[in-house]
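Have a look at the chain first, then read the points in order.

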Amino acid sequence: MKKFLGALLALSLAGGLSGCYKMRSSAGGGQTEFNRPRIVNSNDIAVPDGYRIESIARELTFPTGIAFDGRGRAYVVEAGYSYGEVWTTPRLLRIEKDGTTSIVAEGGKNGPWTGVTFYKGNFYVAEGGELDGGRILKITPEGDISPLVDGLPSKGDHHTNGPAVGLDGMLYFGVGVATNSGVVGEDNFQFGWARRYPDFHDIPCRDVKLKGLNYETKDFLDPASKEKVGTGAFSPFGRKTGPGEVIKGAVPCNGAVMRVSLEGGPPELVAWGFRNPFGLAFSPEGKLFATDNSYDERGSRPVFGAGDLLWEVKEGQWYGWPDFHGETALDEHDHYKPARKEKPGLVFSEPPGRPPKPAAVFAVHSSSDGLDFSRNSGFGFKGEAFVAQFGDEAPTTGKVLAPVGFKVVRVNVKTGSVEEFAVNKGKTNGPASKLKKGGLERPIAARFNADGTALYIVDFGVLLHDEEGAHPSTATGVVWRITKKEPGR
Amino acid sequence: MKGAQMRRVLMLSIAASLVVSGWGCGCGSARRGAPVAGPFDDSQPHIARGKKVFEENCSQCHPGGEAGLGPAINNKPLPGFLIKFQVRKGIGAMPSFPNEHISDSELDDLVSYLKALRRH
């Protein structure tokens, strides 16, 4: 009996200490209800003492990036596509002083436009390429659009991202991977693209040798079939791989940072092994950094507990996807094992290298996206990176016990320390729609103006999630501006 | 063991569970970030070291000690030995962190940091 009671006590303690993770249902930020109109109230947002935040544009549809022209005027891109398979028109808009917008350019049905930069008189936009493949677009101030590069392999879960121009005058951009962890499965059919492009899959940048792990699922291409199908890594749905099989690498590829001349031409590989290098920015010292949305607990090869990463991007380096998270292999210890499932096996028989230590680790499912560096000591935190956290997409990407992200954080890239900078007020964290307040919803980009006196936050707007997937709301996006208060005010 | 004794131990175990899980202790908000709670004082070296251990190993599931993938851990009156037990054994969905991952001295610093964060 003593043993029984001891075990009971231990179990009770264990249950308490673990917060009964398995027993509790997911409580993500997007798991709520939303009724129009979106309330916008900067008083619901907390920023450090000495700073103020205000909204400068509202009712945008899926805004994702911001840039400033030579006269310091702000421009924002609207994506034209959102998870949930909602298509609108991608647009480059100028934000006028009164908060209204003027259309500079419109794209076709090949969003999402995921980011924009301005360099020497022209805009450069990353076109996600959900239907026709990714492109990098040059847009003149008059609205003329011409592609610098096209045919990028981004018809899957993740898209063509960036862009950022380096000191070398080259334009750097990212291409995310098609899948969660290398294997096309049910989750990709839920996203929508796997039915549209059943042959689409991840392309490695260099030749890779596989162990030949295959993952059995229902045949989602033939729902009436009772036969299961096997799918290997870097392969179309339903194609098995064998031990020692070599998958040929190619450029352009998935999970990579590439660059292209501003005159256009073939893309060059910079580094690979990322999952979704969404935000790219150069530090004041000229070093390139990229945020990387890490693994989800979904699909045929789910991965538990992998936080988003910030990398310093070094030429020729491999950064670990799909077998590592940071420096750690996915089969080490029990760190990445989903509840009641096997821990992920490694798909490579010979990894292409060892990933370096990340510059910082963010919260799991925070969707740490657009970033920029403070260059002005007047604003403060000079040399630190400011990162917009879009927030979790639970339950689609995996269960969470509370909303994750929905804020702006600052990162000391020398120490890896991550601190909140702008976050909704209240007893708990979450998007404004869940808190029933008027603050931040889903920050997706953070960008300083040219003189570094103001930090602009692009807020995508309302994106709810449930077991069916994503449910975005048009015309709920906002641009916020954070400035230093004048002394004595 | 007699019936009354058994009941007492049973009640104790349930109460302990409730206390450490935060269900029954009215622990309040876990928000400790600078914009909400002001800057955190990490001037003491062992607190600063513990903060680094936390950021490298814990914050991705308990961002700033708040709930996220895992439960909040900065608003519960957990004694140090239970924190260490949890870190080493990894009960529930939480993975274990053996000595080669977090050394004993790092674990001491981590506990100091978590206690300081709780008071912040």
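1. Residues 24 or more positions apart supply 60% of the contacts in chain A that have a separation of 6 or more. Please keep in mind that this is a predicted model.

2. As for the elements, you will find four helices and 36 strands in chain A. The radius of gyration of chain A is 22 Å, close to the 23 Å that the globule rule gives for 489 residues, so chain A is as compact as a globular protein of that length. Along the principal axes, the C-alpha atoms of chain A fill a box of roughly 70 × 60 × 45 Å. Of the 489 residues in chain A, 55% are buried.

3. Now for some backbone details. Most peptide bonds are trans, and most residues other than glycine have a negative phi. The bond from A:Gly111 to A:Pro112 is cis, with omega near 0 degrees; A:Pro112 sits in the loop between strand E8 (101–106) and strand E9 (113–119). Another cis peptide bond links A:Gly162 and A:Pro163, with omega about -5 degrees, and here A:Pro163 belongs to strand E13 (residues 160–165).

4. Which phi does A:Arg340 have, positive or negative? It is positive, about 60 degrees, although A:Arg340 is not a glycine. You can find A:Arg340 in the loop between strand E25 (328–329) and strand E26 (348–350). A:Arg340 has 6 other C-beta atoms within 10 Å, so it is exposed.

5. A:Ala475, also not a glycine, has a positive phi of about 55 degrees. Its place is the loop between strand E35 (469–472) and strand E36 (477–484). A:Ala475 counts as partly exposed because it has 16 C-beta neighbours inside 10 Å.

Methods:
Residues are numbered from 1 along each chain as its sequence is written. Chains are lettered from A and ligands numbered from 1 in the order in which they are written. This is a predicted model: local features need pLDDT of at least 70, side-chain atom pairs count only at pLDDT 80 or more; totals for chains, interfaces and linings use all residues. Helices (H or I, at least four residues) and strands (E, at least two) are DSSP runs, numbered from the N terminus. The radius of gyration is taken over C-alpha atoms; the globule rule is 2.2 Å times the number of residues to the power 0.38. A residue is buried if 20 or more other C-beta atoms lie within 10 Å of its own, exposed if 12 or fewer, and partly exposed in between; C-beta atoms are placed from the backbone. Two residues are in contact if their C-beta atoms, placed from the backbone, lie within 7 Å.
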